[in-house]
Amino acid sequence: MDFHLLNILLVEDDLTLGEKLTDFLKSFGHDVVHCGDGDKAFEAFCDGRFNFCIFDLMLPGIDGFTLTERIRRRDSYIPVVIISKRNHKDDKQKAFDLGVDDYLVKPFDPDELLWRIRAVARRIHAPLPSGNVAAPLSIGKFTFDLNRQMLLNGSTIRRLTRRESEVLKLLCTRKNQLIKREEILMQLWGDVDYFHGRSLDVFISKIRRYLKEDNSIRIDNIPTVGYILKEGKS
């Protein structure tokens with residue numbers, strides 16, 4: 001299957017594993033820069049032109065959580081996949097709350113990493129239908145510019161992350177209709193994993209805060225079922 005070739009920043013302090021993964025990913029045509037600690041990785045990111053990141057969590061210098069947070073401040077859209085021995089629920093939740101796209105527990109088969117990279121890349125690079133630019137959506141007194149991932153309210157502009165934009169787009173296009181959690185999770189994450197579900201809850205909370213200036217808009221949660229974006233006084 002053809003998919004986008006990537007410029008990958010791989011951050012792994014295990015030199016043997018880092019070299020193995022670098023060679024493996026390069027064999028599929030990707031460009032890979034391997035760094036062994038968090039500080040050097042952040043410098044490389046700032047100096048380079050990467051479009052995909054793979055981070056370990058336990059690193060010399062800044063750890064993978066901090067690295068993800070710093071990179072997210074500079075680039076809200078770049079995909080991040082975590083590879084780590086840490087299999088605790090709290091670690092996974094924290095990673096997804098920071099906006100990572102996937103989390104793979106060591107040890108793993110390199111083929112599985114490749115499959116996950118391909119799945120994330122397909123979502124990131126999926127073209128707009130018919131190559132058309134999507135028209136802005138109206139939400140109360142807000143305008144949602146899908147193409148630039150911006151929420152506008154008069155002269156106030158809020159730039160959304162890619163995932164926030166995807167969630168808000170689903171809610172807007174089905175305004176005043178119940179959207180099941182499973183449907184959102186399958187469309188945006190490709191499964192109904194518990195940790196992706198927790199991430200969805202976080203994104204919904206953030207979007208609620210963004211829209212709170214207009215009290216004619218609300219996002220209702222139907223517990224264990226789904227969400228409804230409602231517009232208009234009730």
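# Briefing on loops, cores and ring contacts

Pro 107 lies in the loop between strand E5 (102-105) and helix H5 (110-125); helices (H or I, at least four residues) and strands (E, at least two) are DSSP runs, numbered from the N terminus. This is a predicted model, in which local features need pLDDT of at least 70 and side-chain atom pairs count only at pLDDT 80 or more, whereas totals for chains, interfaces and linings use all residues. Residues are numbered from 1 along each chain as its sequence is written, and side-chain values use heavy atoms, with hydrogens and water left out.

**Backbone features in loops**

- The peptide bond that joins Lys 106 and Pro 107 is cis, with omega at about -5°.
- Asn 176 is not a glycine, yet its phi is positive, at about 65°. This residue belongs to the loop between helix H6 (162-173) and strand E10 (179-180).
- Asn 176 counts as partly exposed, at 47% relative accessibility; buried means under 20% relative accessible area, exposed over 50%, and partly exposed in between (1.4 Å probe, protein chains only).
- Thr 224, also a residue other than glycine, has a positive phi near 65°. The loop between strand E11 (217-222) and strand E12 (226-231) holds Thr 224, which is exposed, with a relative accessible area of 69%.

**The hairpin of E8 and E9**

- Strand E8 (residues 150-153) pairs with strand E9 (residues 156-159) in the antiparallel sense over four bridges; two strands pair if DSSP finds at least two bridges between them.
- Two residues separate E8 and E9 in this hairpin, and Gly 154 in the turn has a positive phi of about 65°.
- Leu 151 stands opposite Arg 158 in E9.

**Nonpolar cores**

- The largest nonpolar core has 26 residues, of which Ile 139 and Leu 151 touch the most other members. Such a core is a set of buried Ala, Val, Leu, Ile, Met, Phe, Trp, Tyr and Cys residues joined through side-chain atoms within 4.5 Å.
- Two or more residues of this core come from each of strand E7 (142-145), H6, helix H7 (181-188), helix H8 (194-211), E11 and E12. H8 gives the most, with six residues.
- Beyond its neighbours within four places in sequence, Ile 139 is in contact (heavy atoms within 4.5 Å) with residues including Phe 144, Leu 151, Leu 168, Ile 217 and Leu 229.
- A second, separate core of 24 residues includes Val 11, Ile 62, Val 80 and Val 100.

**Helix H6**

- The 12 residues of H6 reach 16 Å from the first C-alpha to the last, close to the expected 16 Å; the expected span of a helix is 1.5 Å times one less than its number of residues.
- Because 10 of its 12 residues are buried, H6 is largely enclosed by the rest of the structure. Among the buried residues are Arg 162, Arg 163, Glu 164 and Leu 168.

**Aromatic rings**

- The whole structure contains three aromatic pairs; rings of Phe, Tyr and Trp (its six-membered ring) pair if their centres lie within 6.5 Å, and planes under 30 degrees apart count as stacked, over 60 as edge-to-face and the rest as tilted.
- Phe 24 and Phe 28 form an edge-to-face pair, 5.2 Å centre to centre with 65° between the planes. Phe 24 is buried at 19% relative accessibility, whereas Phe 28 is partly exposed at 33%.
- The charged end of Lys 94 sits over the ring of Phe 65, 4.4 Å from its centre; a charge sits over a ring if NZ of Lys or CZ of Arg is within 6 Å of the ring centre and within 35 degrees of the ring normal.
- The charged end of Arg 163 sits over the ring of Trp 189, 4.5 Å from its centre.
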